[in-house]
Amino acid sequence: MMFASRNLRLCTKDCICLFVCPTGATDTESGQIDASKCLDGCRLCVDACPGGAIHLVPGNYPKPQPKREDVVEALFDLAESKVKTRALAGALGEDHRLARKALDFSLEVLAEDCVREAGYMLPQSAVTKEFLKNLKERYGSDPAFPVEAVERLLDLL
Ligand code: SF4
Ligand code: SF4
């Protein structure tokens, strides 16, 4: 099954998707597309949208390819180093506010890339759960680790 998904940053609210959708699945007021009404991603809205704001996403993502243990370890180490460098970037003073912001964002993206490459595709809730459990196991005893937030997320997933 495929579903239409809207990128609100690209949407200009011209409502063309609203007119072409045969089931009324798209709502430009709330920005939502009702997956229960989407006809297996018929694409009418995707092709009609002038801003390229709608794309199709699969209902079930394929399982990520298994990675070797040593590769996962190396990627986790790399992600950890990005998080630590991010903490150092936070020490840059107000005079370097823009550089700090850019560095902060770039390190966050790099850390996310490492985690994804390690096999944890975060949009999948089962994989996210596994990832959070893994984080708790590794870093749970570190006072800076947000154990309560992670446990809450695990409960909610
Ligand atoms: S057609 Fe595209 S740009 Fe127009 S309202 Fe729909 S999603 Fe937004
Ligand atoms: S893919 Fe088809 S059914 Fe689904 S929201 Fe777009 S136009 Fe409607």
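Let's begin at leucine 8, which sits in the loop between strand E1 (2–6) and helix H1; helices (H or I, at least four residues) and strands (E, at least two) are DSSP runs, numbered from the N terminus. Leucine 8 is exposed, having 9 other C-beta atoms within 10 Å. From leucine 8 to aspartate 34 is 26 residues in sequence and 15 Å in space, C-alpha to C-alpha.

A word on what you are looking at: this is a predicted model, in which local features need pLDDT of at least 70 and side-chain atom pairs count only at pLDDT 80 or more, while totals for chains, interfaces and linings use all residues. Residues are numbered from 1 along each chain as its sequence is written, and chains are lettered from A and ligands numbered from 1 in the order in which they are written.

Now turn to the two ligands. Around ligand 1 there are 14 residues, and Cys11, Ile16, Cys17, Cys49 and Ala53 come nearest. A residue belongs to such a shell if its C-beta atom, placed from the backbone, lies within 6 Å of the ligand. The shell of ligand 1 divides into 8 nonpolar, 3 polar and 3 charged residues. Here Ala, Val, Leu, Ile, Met, Phe, Trp, Tyr, Cys and Pro count as nonpolar, Asp, Glu, Lys and Arg as charged, and the others, Gly among them, as polar. Ligand 2 is also surrounded by 14 residues, with Cys21, Ala25, Cys38, Cys42 and Cys45 the closest. Its shell holds 10 nonpolar residues, 3 polar and 1 charged.

Several of these names return in the largest nonpolar core, which has 8 residues: Ala4, Cys17, Cys21, Ala25, Cys38, Cys45, Cys49 and Ile54. Such a core is a set of buried Ala, Val, Leu, Ile, Met, Phe, Trp, Tyr and Cys residues joined through C-beta atoms within 7 Å. Apart from this core lies another, of 5 residues, among them Leu75, Ala79, Val115 and Tyr120. In soluble globular proteins, nonpolar side chains tend to be buried together.

Most residues other than glycine have a negative phi. Aspartate 40 is exposed, with 11 other C-beta atoms within 10 Å, whereas arginine 43, with 15 C-beta neighbours inside 10 Å, is partly exposed.

Further along, proline 62 is found in the loop between strand E2 (54–58) and H3. Proline 62 is exposed, with 8 other C-beta atoms within 10 Å.

Next comes helix H4 (residues 97–117), whose 21 residues reach 30 Å from the first C-alpha to the last, close to the 30 Å expected at 1.5 Å a residue. That expected span is 1.5 Å times one less than the number of residues. Which residues of H4 are buried? They are Leu107, Cys114 and Val115. These residues cover an arc of only 95° around the axis, which puts them on the same side of H4; the arc is that of the directions from the helix axis to the C-beta atoms. On the other side of H4, Leu98, Lys101, Ala102, Phe105 and Val109 are exposed. The cover over the buried residues of H4 includes helix H3 (69–89) and helix H5 (125–139). Just after H4, glycine 119 takes a positive phi of about 110°.

Alanine 89 belongs to helix H3 and, leaving aside neighbours within four places in sequence, is in contact with Arg100, Leu103, Asp104 and Leu107. With 18 C-beta neighbours inside 10 Å, alanine 89 counts as partly exposed.

Key
A residue is buried if 20 or more other C-beta atoms lie within 10 Å of its own, exposed if 12 or fewer, and partly exposed in between; C-beta atoms are placed from the backbone. Two residues are in contact if their C-beta atoms, placed from the backbone, lie within 7 Å.
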